[in-house]
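Colleague: I have a structure open and would like to read it with you. Shall we go through it by question and answer?

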Amino acid sequence: MEALRGSRSDAGRSLEDTAQSDFALDQTPYEERKSLRPQRELPQLYYLTHFQEMLDFVREKYAHVLDRDHHDFLTDFDALDLEAKCLFVRMVNRKGRVFETAKLRYAEIGDLPDAVSKLRTAGFANAVKPQDFEELLQGLSKDALLQLMAPHLETAGAKRSWPKAAVLEHARATLRFEHFARSEAVRCFVVQGRPAALEFLLYLYFGRIEQGVTRFALRDLGLVRTHHFKADYEARFETREEATASYFYAHRLEDLRSATDETCLLWAREVPSWPQAPCDAAEELRDSLLHALGSRLEKSGQVDSALAVYSLGGSPLCNERLVRLRYARGERDQVRAMLEAMMAQPASDLEALFAQDFYQRKFKGKRTSALTDRLRAAEVIGVDESLRNAPERGAADYFRRQGYEVFQSENSVWRALFGMLFWEEIYCEAGASLHNAFERLPQSLKSGGFYEAFRERIEAKLARLQNPASALQTLLSSLSTNYGTPNGIFRWRPTITDWLGPFLQKAPPEALASVLREMCKDYMGRKDGFPDLMLWNDSDLRFIEIKSAGDQIRRNQLMQLDLLARAGFTVEVKRVEWIIDPEQLYVVVDVETTGGRAARNRVTEIGAVKVQNGEVIGKWQSLINPQQAIPANITRLTGITNAMVAGAPVFAEIADDFQDFMGNAIFVAHNVRFDYGFISEEFRRLDRRFRHPQLCTCASMRTLYKGHKSYSLGSLCSTYGIELKSHHRALCDAEAAAELLLLINARRLEAASR
């Protein structure tokens with residue numbers, strides 16, 4: 001076990017030391033933990049146990065919302081014998097609802113025809129009906145489709161060489177349900193029965209549309225982690241009206257994915273007759289459905305219908321679309337009145353921002369949006385062009401060279417702080433609105449009722465932020481107690497300790513409290529959009545949003561920037577300009593390995609050369625015990641023998657030293673995917689991330705020095721007079737590739753100066 005650690009700044013160290021933190025991460029090597037990890041096997045009839053667990057939970061918690069059909073489903077299922085129950089749940093957990101009975105054979109079901117018969121008698125299985133025919137055709141193989149069409153003269157022209165999609169289209173055009181119903185094949189299929197009742201029961205348990213209980217199996221296999229915050233979970237709905245309305249809207253949202261344009265128009269006409277939304281959950285689903293349906297109608301050109309749908313929704317998203325569509329139609333007076341009402345009583349900060357900006361541009365003559373203005377006003381900083389795919393990383397290096405400690409924070413800092421500070425209120429208190437062990441985000445955070453539910457406790461915790469040392473002690477205690485527990489707020493990372501102390505020490509307590517209070521009041525609206533970087537030095541703390549060419553500031557980002565600024569933080573937007581930066585650090589790496597596949601083979605040697613300002617400023621090299629034999633052909637190529645690596649350190653023993661040598665440099669190699677792939681895989685075996693921008697000297701030489709027959713390292717070294725005495729030894733090859741990097745950067749600088 002190794003204590004959580006990080007490269008803490010001197011500024012943050014004294015404050016962190018006021019708290020005693022005894023939490024730790026398991027740093028057992030990957031291969032050892034892999035061998036010790038229990039090989040979980042699901043017990044016989046696991047799926048039936050899972051299904052029964054779901055039914056028992058629903059029976060206990062939701063009896064007050066079930067109607068006669070649901071109670072009959074539970075009673076009739078209980079009355080089935082074991083094999084019939086097994087067959088039904090097997091069908092439930094399979095894709096679709098139409099099955100060929102011959103493909104439903106399972107070892108635990110001894111008499112399949114009898115089980116099917118009993119399911120038919122109880123209504124849990126049915127014969128294929130006309131409405132099931134399309135699904136049946138889609139589920140058949142190409143050969144089965146051809147066989148089904150064979151007796152009909154109209155099928156002339158269908159060929160076995162056709163792809164399945166073409167055969168399926170031919171079957172749709174050729175076959176009618178009546179053909180199928182008169183054939184012997186009709187006896188070979190069965191349809192899962194009582195789908196509506198089952199889907200409602202599953203919705204009550206999961207809170208979303210589910211087709212089966214496979215998530216329980218994933219839980220038992222350890223592939224999905226559940227929590228145990230509560231010994232007993234309460235029902236998510238207090239009345240049948242709440243449950244049925246929420247289910248209606250959730251079901252429609254799911255069906256909208258595959259709905260036709262004609263169906264969308266039909267739903268638009270039916271909106272006034274939809275059920276009322278008697279609870280927050282149903283209202284959120286209704287607003288989401290109205291916005292999604294309106295969007296579909298817009299895309300299909302049905303603008304009048306879209307307007308009618310949006311007007312029946314009260315969400316900020318619906319209101320924005322109403323404003324934009326009506327303005328496009330020239331309804332200026334109505335739009336002005338709407339915007340003034342939205343500004344006077346906005347439903348959210350995001351709606352207020354939209355209304356103010358749209359009003360200024362359309363009615364006050366302002367030429368550009370607030371988003372554009374903020375971006376144009378941003379200071380420009382130069383970042384080396386090799387970091388085009390990682391502008392935030394490049395900007396972080398830029399500020400480090402100015403003496404700042406930098407953390408690429410984005411949303412992680414604020415979510416982690418929020419989650420750790422209010423852990424008990426979110427997950428552990430009686431009022432925490434969790435409804436099963438799979439849920440990771442309580443309903444109170446989704447609906448916006450969290451602050452009012454725990455106002456006094458929240459304000460008491462926010463007041464403790466006035467004493468940074470005491471606040472740190474509280475947060476480290478939460479970290480120690482809950483580290484690794486699955487949750488829907490943030491991801492646990494060892495890097496939390498890198499920034500937590502400095503942040504609490506340097507942030508104005510009132511500013512911290514102000515931002516966290518707004519997150520408590522509107523978590524769903526405030527959980528993302530925070531700036532990319534958090535910087536601090538001895539006297540300063542600031543947040544920076546980074547934008548490169550083509551990027552735009554999103555409205556929720558501007559909203560968060562304004563929130564942080566109002567609270568009292570220093571907040572800036574920086575635009576990245578791509579330059580050739582001589583101060584950029586590069587580490588040129590070469591690895592020797594036991595073979596060519598990173599997932600199977602291992603590293604035997606690493607050589608690395610650090611380059612800055614056109615000069616080599618450091619070197620690093622080590623043989624590595626690969627913990628597997630080196631093949632003879634590899635030894636002939638590299639000269640590295642099993643005896644040479646027998647006493648060498650394993651990768652875990654040099655990982656920290658190598659990572660320290662890399663620092664924040666760009667990873668460079670000749671055919672970089674090979675070397676980077678092996679290094680990152682070695683770190684993955686330690687359950688550690690290895691993430692660096694990459695530059696390939698082979699690809700760069702092809703681009704900048706055209707015309708060579710070969711771009712192998714040996715050929716290029718021969719062409720450009722680069723010494724390569726011990727080819728296929730790591731440090732020698734890394735030194736040679738470093739010389740190529742100098743050529744590459746010289747050509748880049750030459751091109752930039754033109």
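Colleague: Among contacts in the chain between residues at least 6 apart in sequence, what percentage join residues at least 24 apart?
Modeller: Keep in mind that this is a predicted model. Contact here means heavy atoms within 4.5 Å. Take the contacts between residues at least 6 apart in sequence; the share that joins residues at least 24 apart is 71%.

Colleague: How many helices and how many strands does the chain have?
Modeller: The chain has 754 residues, and 48% of them count as buried. Its C-alpha atoms fill a box of roughly 80 × 70 × 55 Å along the principal axes. The count of elements is 38 helices and 15 strands.

Colleague: What span does helix α3 reach from its first C-alpha to its last?
Modeller: Helix α3 covers residues 46-61, which makes 16 residues. At 1.5 Å a residue, 22 Å is expected. The model comes close to that, with 23 Å.

Colleague: Which helices do the buried residues of α3 pack against?
Modeller: The buried residues of α3 include Tyr-47, Leu-48, Phe-51, Leu-55 and Val-58. An α-helix has 3.6 residues a turn, so residues three or four places apart point the same way. The packing partners of the buried residues are α4 (68-79), α5 (82-92), α11 (195-206) and α12 (214-220).

Colleague: Which residue is buried, with a relative accessible area of 1%?
Modeller: Look at the two partners of that bridge. Asp-349 has 35% relative accessibility, so Asp-349 counts as partly exposed. The buried residue, at 1%, is Arg-526.

Colleague: How many residues apart in sequence are the parts that Asp-562 and Arg-374 tie together?
Modeller: Asp-562 forms a salt bridge with Arg-374, the closest N and O atoms being 3.3 Å apart. Asp-562 lies in helix α31 and Arg-374 in helix α20 (residues 370-376), so the bridge ties together parts of the chain separated in sequence by 188 residues.

Colleague: Are Lys-725 and Glu-723 buried or exposed?
Modeller: The side chains of Lys-725 and Glu-723 meet in a salt bridge, 3.2 Å from N to O. To count as exposed, a residue needs over 50% relative accessible area. Both Lys-725 and Glu-723 are exposed.

Colleague: How many salt bridges does a search of the whole structure find?
Modeller: Some residues are linked in a network of salt bridges: Glu-379, Asp-540, Arg-542, Glu-572 and Lys-574. A search of the whole structure gives a total of 52.

Colleague: Which helix gives the most to the lining of the largest cavity?
Modeller: The structure holds one cavity of 30 Å³ or more. Leu-353, Phe-354, Asp-357, Ala-370, Leu-371, Arg-555 and Leu-558 line the largest cavity. At least two lining residues come from each of α19, α20 and α31. The helix that gives the most, with three residues, is α19.

Colleague: How many residues of the lining of the largest cavity are nonpolar?
Modeller: The largest cavity has a volume of about 30 Å³. Its lining has no polar residues and two charged ones. The nonpolar count is five.

Colleague: What is the phi of Asn-613?
Modeller: Most residues other than glycine have a negative phi. Asn-613 lies in the loop between β12 (603-612) and β13 (615-623). Asn-613 is not a glycine, yet its phi is positive, near 55°.

Colleague: Where is Asp-687 found?
Modeller: Asp-687 also is not a glycine, and its phi is positive, about 60°. Asp-687 has a relative accessible area of 52%, so Asp-687 counts as exposed. Its place is the loop between α35 (672-685) and β15 (694-696).

How values were computed
Residues are numbered from 1 along each chain as its sequence is written. Side-chain values use heavy atoms; hydrogens and water are left out. Helices (H or I, at least four residues) and strands (E, at least two) are DSSP runs, numbered from the N terminus. The expected span of a helix is 1.5 Å times one less than its number of residues. Buried means under 20% relative accessible area, exposed over 50%, partly exposed in between (1.4 Å probe, protein chains only). A salt bridge is a side-chain nitrogen of Lys or Arg within 4 Å of a carboxyl oxygen of Asp or Glu. On a 1 Å grid over the protein atoms alone, a cavity is a set of points where a 1.4 Å probe fits but cannot get out, and a pocket is an open set with protein on both sides within 12 Å along at least five of seven lines; lining residues have an atom within 4 Å of a point. Grid points are joined across faces, edges and corners, and a volume is the space filled by probe spheres set on the points. Ala, Val, Leu, Ile, Met, Phe, Trp, Tyr, Cys and Pro count as nonpolar, Asp, Glu, Lys and Arg as charged, and the others, Gly among them, as polar.
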